[in-house]
Amino acid sequence: MPRFQRIVILTGAGLSAESGLGTFRDKDGLWTKYDLNEVATPEGFARGPDKVLAFYNMRKKVHADVAPNAAHRALARLEEAYPGKVLTITQNIDELHELAGSRNLIHMHGEIYKALCAHCGHRRPWREDFSTTRSCQGCNACGGLRPDVVWFGEMPYRMEEIYAALSRCDLFVSIGTSGTVYPAAGFVIDALQAGAHTVELNLEPSEGVTHFAEARHGKATEIVPAFVEELLGGGHSA
Ligand code: APR
């Protein structure tokens, strides 16, 4: 009988950092170089769509050259080999979890390789550059195609499923996130209320570290595979 029946894992930018994708709030993070109000809000898109699309096209180019790291692969192996349920909720818009083999996955902040029409809500895969000159296949309107990512002030995706899973989990693991952005930063509280054991795996203590029953600090490619080995080896004891 596995120690934990229903594991929920939350991941953030720190998980993909060693794959070559910058984080947001670390030294040299994206938000130290770009004004998030200009490039990651619906208001910024209304004011300057070309600027916003250029920002995501730049990120797409960086994403195109990266691959999953040992931490992504360890989480995919956990999902595949663990006898209990494993759900991964990611704040990341990259596709590294999928490329590593994770399947039971929720992109709560959307995906960079998808487009969303701001006029009609039509969604579709979109690997090429975004452009204000392209028209939506759903409504034929031009200029409304944006990355299918959740901007500040917008509601993250699949929140009902996420809260249902948190209310039933018995192990909650938060990996590579600073714990500064809600609602994700509050998930540890939901898990605690469900009676779950809570673990933080991060390079340094996050904003919410005091809420966690256990915290391990180090590089994701080192501490995540070790933690997964313990879970699969049945060795992890709360
Ligand atoms: N291994 C483990 N953790 C790391 C590593 C690493 N190699 N490198 C950085 N970290 C940690 C940092 O210590 C930091 O706590 O990852 C965290 C990254 O924090 P943020 O840059 O704030 O990223 P994240 O928490 O994912 O941001 C949340 O904010 O900008 C929005 O929508 C965006 O999804 C994002 C959300």
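**A buried threonine**

A: The side chain of threonine 198 comes within 2.9 Å of the backbone nitrogen of alanine 213. A polar contact is a pair of N or O atoms within 3.5 Å; within protein, one must be able to donate a hydrogen and the other to accept it, and residues adjacent in sequence count only if both atoms are side-chain atoms. The model is predicted: local features need pLDDT of at least 70, side-chain atom pairs count only at pLDDT 80 or more, and totals for chains, interfaces and linings use all residues. Residues are numbered from 1 along each chain as its sequence is written, and side-chain values use heavy atoms, with hydrogens and water left out.

Q: Is threonine 198 buried or exposed?

A: Buried means under 20% relative accessible area, exposed over 50%, and partly exposed in between (1.4 Å probe, protein chains only). Threonine 198 has a relative accessible area of 0%, so it counts as buried.

Q: Which residues does threonine 198 touch?

A: Contact means heavy atoms within 4.5 Å. Leaving out residues up to four places away in sequence, threonine 198 touches Phe172, Val188, Ala191, Leu192, His211, Phe212, Ala213 and Glu214.

Q: In which strand does threonine 198 lie?

A: Helices (H or I, at least four residues) and strands (E, at least two) are DSSP runs, numbered from the N terminus. Threonine 198 belongs to strand 8.

Q: How does strand 8 pair with strand 7?

A: Two strands pair if DSSP finds at least two bridges between them. Strand 7 (residues 171–175) and strand 8 (residues 197–202) are joined by five bridges in the parallel sense. Isoleucine 175 is opposite leucine 201 of strand 8.

Q: What is the strand order of the open sheet?

A: The order is 3-2-1-7-8-9, six strands with parallel pairing. Strand 3 (105–107) and strand 9 (214–217) are the edge strands, each pairing on one side only. On average, neighbouring strands of this sheet are turned by 15° against each other, direction ignored.

Q: Which strands does helix 8 lie across?

A: Axes are lines fitted to C-alpha atoms, for helices over the stretch in contact, and angles run from 0 to 180 degrees between N-to-C directions. Helix 8 (residues 159–168) lies across strand 1 (6–11), strand 2 (85–90), strand 3 and strand 7, at about 130° to strand 1. Helix 10 (residues 220–232) also packs on the sheet, where it touches strand 1, strand 7, strand 8 and strand 9, and its direction makes about 150° with that of strand 8.

Q: How many bridges join strand 4 to strand 6?

A: Strand 4 (residues 110–117) and strand 6 run antiparallel and are joined by five bridges. Proline 147 in strand 6 is the bridge partner of alanine 115. Five of the five residues of strand 6 (residues 145–149) are buried.

Q: What covers the buried residues of helix 5?

A: The cover includes helix 2 (30–33), helix 3 (36–39), helix 4 (42–47), strand 4 and strand 6. Among the buried residues of helix 5 are Val52, Leu53, Phe55 and Tyr56.

Q: Which residues come nearest to the ligand?

A: A residue is near a molecule if one of its heavy atoms lies within 4 Å of it. Of the 23 residues around the ligand, the nearest are Phe24, Arg25, Trp31, Thr177 and Ser178. A polar side-chain atom of serine 178 is 2.6 Å from an oxygen atom of the ligand, and a polar backbone atom of alanine 220 is 2.9 Å from a nitrogen atom of the ligand.
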